[in-house]
Amino acid sequence: MNKIILTGDRPTGRLHLGHYVSTLKRRVTLQNSGQYDKVLIMIADAQALTDNFDNPEKIRQSIIEVALDYLSVGLDPSISTLLIQSQIPELTELTFYYMNLVNTARLYRNPTVKAEMQPKHFEANLPAGFLCYPISQAADITAFKATTVPVGEDQLPMIEQTREIVRKFNSIYKDILVEPEALLPQKKVCRRLPGTDGTAKMSKSLGNCIYLADTPDEIRKKVMGMFTDPLHIQVSDPGHIEGNTVFTYLDAFCEDRHFAQYLPDYACLGELKAHYQRGGLGDVKFKKFLNEILQEELEPVRKRRAIYEKDISAVYEILKSGSEQARAIAAETLDEVKDAMKINYFADTALIESHRHKYEDETPA
Ligand code: TRP
């Protein structure tokens with residue numbers, strides 16, 4: 001069986017460090033591993049519209065931002081197919097057929113959807129499209145017969161929902177869809193990077209993100225303002241590591257080689273943490289260290305972005321040709337799905353023949 005990757009993001013703004021550690025960086029490694037027959041990366045605009053339907057302008061403006069972020073982290077359009085979800089109508093068609101395979105109680109139970117619904121206070125005004133987006137995500141994944149979906153932890157319920165749909169489809173109609181596996185970040189800390197203010201998640205609305213496209217100065221200011229340990233008042237006080245955002249980011253980004261380069265007084269993160277816990281280590285020192293590491297990580301990203309920013313038409317061309325290639329694949333799967341459901345009437349010679357037999361042969365001339 002072919003090994004196929006499909007994953008994607010909603011275009012609601014620029015991508016940030018949370019996206020980077022939980023999936024973007026890994027996608028590039030997987031892309032370059034040569035172990036996959038196909039890599040498809042989707043800008044999920046139709047999904048973004050399920051809770052931004054009244055603000056299509058925001059989605060429209062964000063597509064290029066996400067595309068630039070993809071290209072700037074090193075996704076290579078000569079290896080990976082970059083596509084825009086709404087340009088593949090076959091996905092919508094698949095969604096409609098899959099809707100029959102999922103009951104509404106199951107949709108209300110989806111933990112990610114539940115968490116997203118809470119702050120919006122939809123109550124009785126919950127848009128059906130929003131409730132059903134996990135089904136559309138199952139269409140995204142299965143249309144390309146993806147085997148592997150590299151995502152952050154919050155997407156696990158979507159993959160589980162997809163697997164249920166696949167099993168149900170295959171058992172009712174015909175065994176043609178592929179059950180995908182989620183691929184989570186190897187390091188636990190990368191699965192959900194907290195915001196710079198220490199809250200559980202980076203989120204645009206909370207203003208606690210470091211964006212991939214941030215300038216060196218913006219990055220430095222955000223790092224120097226990060227949440228650490230409110231109980232660590234004097235330098236000499238013992239500090240806490242747990243819930244200390246700077247240490248969480250160091251867990252995610254720091255390697256031993258960084259010490260030799262930027263903080264040679266310590267050999268490894270364990271030593272730095274021990275000093276902080278003992279007392280006598282000031283916040284500024286390890287914030288500066290984190291800043292050095294992030295600057296090193298994001299500089300090549302920013303440079304690649306600057307190159308693509310100079311030729312925006314070419315970026316749209318990449319998305320257009322990627323969407324066309326993807327559409328051809330999705331159309332094949334949809335055709336198989338319709339065959340399995342026996343609704344490809346005009347190609348169904350057995351059906352036409354049996355009706356011909358039933359009527360024409362029995363109707364006296
Ligand atoms: N739900 C994903 C997000 O919020 C985006 C997405 C849409 C996706 N379709 C997908 C991710 C298919 C993986 C596979 O970021």
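The structure is a prediction, so local features were considered only at pLDDT of at least 70 and side-chain atom pairs only at pLDDT 80 or more, whereas totals for chains, interfaces and linings use all residues. Residues are numbered from 1 along each chain as its sequence is written, and side-chain values rest on heavy atoms, with hydrogens and water left out.

The secondary structure of the protein comprises 16 helices and five strands; these are DSSP runs, with helices (H or I) of at least four residues and strands (E) of at least two, numbered from the N terminus. Along the principal axes, the C-alpha atoms fill a box of roughly 105 × 45 × 40 Å. Of the 365 residues, 50% count as buried. Here, buried denotes a relative accessible area under 20%, exposed one over 50%, and partly exposed a value in between (1.4 Å probe, protein chains only).

The ligand is surrounded by 13 residues, of which R10, Q47, Q137, D140 and Q155 are the closest; a residue is assigned to these surroundings if one of its heavy atoms lies within 4 Å of the ligand. By class, the shell contains five nonpolar, five polar and three charged residues. In this classification Ala, Val, Leu, Ile, Met, Phe, Trp, Tyr, Cys and Pro are nonpolar, Asp, Glu, Lys and Arg are charged, and the others, Gly among them, are polar. Strand β1 (4–9) and helix α8 (133–143) each supply at least two shell residues, and the largest share, four residues, comes from β1.

For R10, an N or O atom of the side chain is 3.2 Å from an oxygen atom of the ligand. A polar side-chain atom of Q137 lies 2.9 Å from a ligand nitrogen, and an N or O atom in the side chain of D140 is 2.8 Å from a nitrogen atom of the ligand. The protein covers 92% of the 370 Å² of accessible area that the ligand has on its own, as computed by the Shrake-Rupley method with a 1.4 Å probe. The space taken by the ligand is the largest pocket. A pocket is an open set of points on a 1 Å grid over the protein atoms alone, where a 1.4 Å probe fits, with protein on both sides within 12 Å along at least five of seven lines; a molecule sits in it if more than half of its atoms lie within 2 Å of its grid points.

Backbone geometry was examined next. Most residues other than glycine have a negative phi. E123, which is not a glycine, has a positive phi of about 45 degrees. This residue lies in the loop between α6 (111–117) and α7 (128–131) and is exposed, with a relative accessible area of 65%. K342, likewise a residue other than glycine, has a positive phi near 60 degrees. K342 is placed in the loop between α15 (312–340) and α16 (349–360), and at 63% relative accessibility it counts as exposed.

A further loop residue, D214, is located between β5 (181–183) and α10 (216–224). D214 is buried, at 5% relative accessible area. The side chain of D214 reaches the backbone nitrogen of Y211 at 2.9 Å and makes a polar contact with the side chain of K222 at 2.7 Å. A polar contact is a pair of N or O atoms within 3.5 Å; within protein, one must be able to donate a hydrogen and the other to accept it, and residues adjacent in sequence count only if both atoms are side-chain atoms.

L6 lies in strand β1 and is buried, with 3% relative accessibility; its C-alpha atom is 32 Å from that of N125, 119 residues away along the chain. Y20, in helix α1 (residues 17–33), is buried at 6% relative accessibility. The C-alpha atoms of Y20 and K187 are 167 residues apart along the chain and separated by 13 Å. F286, in helix α14 (residues 283–309), is buried with a relative accessible area of 0%, and 23 Å separate its C-alpha atom from that of P300, 14 residues apart along the chain. M224, in helix α10, is partly exposed, with a relative accessible area of 28%. Between M224 and E242, 18 residues apart in sequence, the C-alpha to C-alpha distance is 19 Å.

Notes: 1 Å grid on protein atoms, 1.4 Å probe; cavity = no way out; pocket = protein on both sides within 12 Å on 5 of 7 lines; lining within 4 Å.
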